[in-house]
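Please keep the sequence and the structure in view while reading.

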Amino acid sequence: MQIHSATFEISSPDYEACPESELPEFAFIGRSNVGKSSLINTLTNVKDLAIVSSKPGRTRLINFFKINKKWTLVDLPGYGYAKASGQARGKFNQFVSDYLAQRENLCCVFVLIDSRLTPQKIDLEFTKWLVEYEIPFVLVYTKTDKVKPAAVQKTIEQFKEKMLEYCTGLPRVYTCSAKTTYGRRDILDFIGLAIASDEK
Ligand code: GDP
């Protein structure tokens, strides 16, 4: 998929304020500093698109970007800013879990994971929650330029092993670097295919 246009639409402070839309949505989430803003800028080819969203105060909001007038990229708050909100929901914002569990046009969640780190508790808890709620997601390992390919593979295998403790099928996996743009095409093609099958 080529990106022809990417525009900031709106920021929502809670689930009720999310704009009504029938366009398919693809949401991005991860621990703060995982490289989410950088990846969004790389994917959309707009240098500072997601910087808008990381201005102070915006980090706790759900930010919507319209892409090619055909789909919506949703920038969810990083976990690092989240407050614990009850054991069942895990340590991320209540309104993020409301969005994820209730948004009817949500096609897929991109869960970003730092390819340099051993499996992190909060990432595992979050993916477990997604599995329990049957929310479709893929894993995206970020910052692959910072480590050797074998180390990225090790991180992926370690995470998979942990995930198999609470789910049977494993999610699709992507690797990317916002610095080199490696992985950009694969992620966009996945979104393109998902939209095409949604239109059928
Ligand atoms: P966010 O908090 O998840 O939105 O993370 P940012 O996109 O702001 O990135 C956090 C830091 O990691 C910044 O210093 C980025 O320049 C750096 N970073 C993000 N992605 C990459 C990447 O793919 N490669 C490298 N080398 N650095 C990255």
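N68 is placed in the loop between β3 (62-67) and β4; strands are DSSP runs of E with at least two residues, helices are DSSP runs of H or I with at least four residues, and both are numbered from the N terminus. The model is a predicted one, in which local features need pLDDT of at least 70 and side-chain atom pairs count only at pLDDT 80 or more, while totals for chains, interfaces and linings use all residues. Residues are numbered from 1 along each chain as its sequence is written, and side-chain values use heavy atoms, with hydrogens and water left out.

**Loop residues**

- N68 is not a glycine, yet its phi is positive, about 50 degrees.
- With a relative accessible area of 15%, N68 is buried; buried means under 20% relative accessible area, exposed means over 50%, and partly exposed lies in between (1.4 Å probe, protein chains only).
- T181 also has a positive phi without being a glycine, at about 70 degrees.
- The loop that holds T181 runs between β7 (173-175) and α6 (184-199).
- T181 counts as partly exposed because its relative accessibility is 42%.
- P19 belongs to the loop between β1 (6-12) and β2 (25-30), and its relative accessibility of 25% makes it partly exposed.
- Leaving aside neighbours within four places in sequence, P19 is in contact with I10, S12, F64 and R103; contact means heavy atoms within 4.5 Å.
- P19 and E9 are 10 residues apart along the chain, and their C-alpha atoms are separated by 9.1 Å.

**Overall architecture**

- The protein has 6 helices and 7 strands.
- Along the sequence, these elements follow the pattern β-β-α-α-β-β-α-β-α-β-α-β-α.
- The protein has 200 residues, of which 48% count as buried.
- Among the contacts with a separation of 6 or more, 74% come from residues 24 or more positions apart.
- The accessible surface of the protein is about 10,200 Å², and carbon and sulfur atoms account for 50% of that surface; accessible areas come from the Shrake-Rupley method with a 1.4 Å probe, and for residues only the protein chains shown count as cover.

- Helix α1 (residues 36-44) is largely enclosed by the rest of the structure, because 7 of its 9 residues are buried.
- The buried residues of α1 are K36, L39, I40, N41, T42, L43 and T44.
- After α1 comes N45, which has a positive phi, near 65 degrees.
- D75 is part of strand β4 (residues 71-75), and its relative accessible area of 2% makes it buried.
- The side chains of D75 and K36 make a polar contact at 2.4 Å; a polar contact is a pair of N or O atoms within 3.5 Å, and within protein one atom must be able to donate a hydrogen and the other to accept it, with residues adjacent in sequence counting only if both atoms are side-chain atoms.

**Surroundings of the ligand**

- There are 13 residues around the ligand, and N33, S37, S38, D145 and A178 come nearest; a residue is near a molecule if one of its heavy atoms lies within 4 Å of it.
- The shell around the ligand consists of 2 nonpolar, 6 polar and 5 charged residues; Ala, Val, Leu, Ile, Met, Phe, Trp, Tyr, Cys and Pro count as nonpolar, Asp, Glu, Lys and Arg as charged, and the others, Gly among them, as polar.
- A polar side-chain atom of S38 is 2.5 Å from an oxygen atom of the ligand.
- A polar backbone atom of G35 lies 3.0 Å from an oxygen atom of the ligand.
- A backbone N or O atom of K179 is 3.4 Å from an oxygen atom of the ligand.
- On its own, the ligand has 580 Å² of accessible area, and the protein covers 69% of this.

**V131 and the cysteines**

- V131 is located in helix α4 (residues 121-132) and is partly exposed at 26% relative accessibility.
- Not counting residues up to four places away in sequence, V131 touches F137, M163, Y166 and C167.
- C167 is buried, because its relative accessibility is 11%.
- V131 and P171 are 40 residues apart in sequence, and their C-alpha atoms are 9.7 Å apart in space.
- A search of the whole structure finds 0 disulfides, a disulfide being a pair of cysteine sulfur atoms within 2.5 Å.
- C107 is in no disulfide, and the nearest cysteine sulfur, that of C108, is 7.9 Å away.
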